[in-house]
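Thanks for making the time this morning. Let me put the structure up, and then I will walk through a few places in it, one after another.

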Amino acid sequence: MLGVDFEPDRQVSLAAPLGSDLAFANRFEYTPCMVDIRKSWDKIAEPYRKRYEISTDVVHYGPLCPGEDKLHILGDINGKTVIDLGCGGGQNAIALSRMGAEVTAVDFSHEQIRLAENLASEHNAAIDFITGEISDLSRLPKAGFDIAISSCAIAYVPDIKSMFTEVYRILKPGGKFILSDMNPLQYIMDEIDGGVEFNHKYPYDPILLKWRWEFDELQRAPGFQHYVRSISCYHNALTAAGFAVSKILEPKSTPDTPHIGFSREILEEYKYIAEHIPITFIMTCRRP
Ligand SMILES: C[S@@+](CC[C@H](N)C(=O)[O-])C[C@H]1O[C@@H](n2cnc3c(N)ncnc32)[C@H](O)[C@@H]1O
């Protein structure tokens with residue numbers, strides 16, 4: 001399914017050790033070069049926004065996951081300084097701004113930032129958007145933020161050690177970091193005939209997956225890659241960076257979520273998996 005025409009911009013050695021099982025059946029294929037996913041995000045930004053219909057009313061944490069209106073993780077953020085890391089089309093940044101926060105939002109895709117700026121201006125939301133790499137926040141001052149949030153972006157980041165160290169540096173003492181993404185468990189199983197087969201190994205070590213994202217609007221599906229990491233891998237990297245992990249949440253999957261379109265797609269294709277495991281996990285951390 002995945003070809004060799006990934007348009008790799010650079011050949012680099014892999015940042016993390018790969019698991020021993022590199023044969024990802026039909027779904028995934030390993031190639032030893034990195035895909036420039038920043039360019040791929042530029043290409044899919046517009047159709048992604050249309051297809052996934054993410055709410056700007058309520059802060060979301062991931063597909064099939066209850067939003068902030070149900071989970072109350074952030075609490076009262078009126079007047080707080082909040083940074084959204086890997087902000088995509090700006091939906092969470094806008095929802096945070098509606099809650100009264102002073103919001104900065106970072107993403108390395110120019111196109112995502114352009115769309116986010118447009119959407120924020122449609123909503124009269126004053127947000128400071130920055131085009132940049134979230135594992136290098138050196139242009140931001142230390143201890144400048146009360147809260148950092150990153151939803152569904154961490155799997156794309158090769159160097160989580162740098163990112164967590166940077167997030168720690170830009171947070172005020174006592175500041176919160178809320179990290180969420182999709183549950184690694186879903187990657188070890190395939191849904192077949194309304195049941196599951198366990199065809200892939202657990203990510204004991206981070207696994208790099210390469211794939212394509214198809215959109216009707218795009219003639220050629222851009223190549224992507226992301227890391228599948230265990231929750232313990234994230235936990236241990238966060239504590240190594242100095243964070244205290246307060247809670248790990250694995251909410252029961254629900255269609256009642258602000259992450260609308262992606263949730264619908266998962267339910268159509270992976271109903272059994274979604275019914276049996278939490279699709280999104282959330283980690284809440286505190287900078288001592
Ligand atoms: C799945 S989208 C999530 C967007 C948003 N947080 C949300 O939940 O709707 C992932 C975003 O992370 C951004 N991203 C991925 N890796 C990044 C990196 N290393 N630095 C900055 N942005 C990154 C992509 O450009 C993309 O906009």
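**A walk through the model**

T280 sits in strand β11, which covers residues 280-286, where strands (E, at least two residues) and helices (H or I, at least four) are DSSP runs numbered from the N terminus. Before I go further, this is a predicted model, in which local features need pLDDT of at least 70 and side-chain atom pairs count only at pLDDT 80 or more, while totals for chains, interfaces and linings use all residues. Residues are numbered from 1 along each chain as its sequence is written.

Is T280 buried or exposed? T280 counts as buried because it has 25 C-beta neighbours inside 10 Å; the cut-off for buried is 20 or more other C-beta atoms within 10 Å of the residue's own, with 12 or fewer for exposed and partly exposed in between, C-beta atoms being placed from the backbone. Not counting residues up to four places away in sequence, T280 touches Y61, G62, P63, L64, C65, S180, M182, N183 and P251, contact being C-beta atoms, placed from the backbone, within 7 Å. The C-alpha atoms of T280 and C152 are 8.9 Å apart, although 128 residues separate the two along the chain.

Leaving aside neighbours within four places in sequence, A148 is in contact with I83, L85, V167, L171 and F177.

Now to the helices. Helix α1 (residues 37-52) packs with helix α4 (residues 110-122) at an angle of about 35°, their axes 7 Å apart; axes are lines fitted to C-alpha atoms, for helices over the stretch in contact, and angles run from 0 to 180 degrees between N-to-C directions. From α1, the contact uses W41, D42, A45, E46 and R49, and from α4, H110, E111, Q112 and L115.

In helix α7 (residues 260-269), the buried residues are F262, S263 and I266. Seen down the axis of α7, these fall within an arc of 100°, so they line one face of the helix, the arc being that of the directions from the helix axis to the C-beta atoms. The buried residues of α7 pack against α1 and α8 (271-276).

Note on methods:
Two residues are in contact if their C-beta atoms, placed from the backbone, lie within 7 Å.
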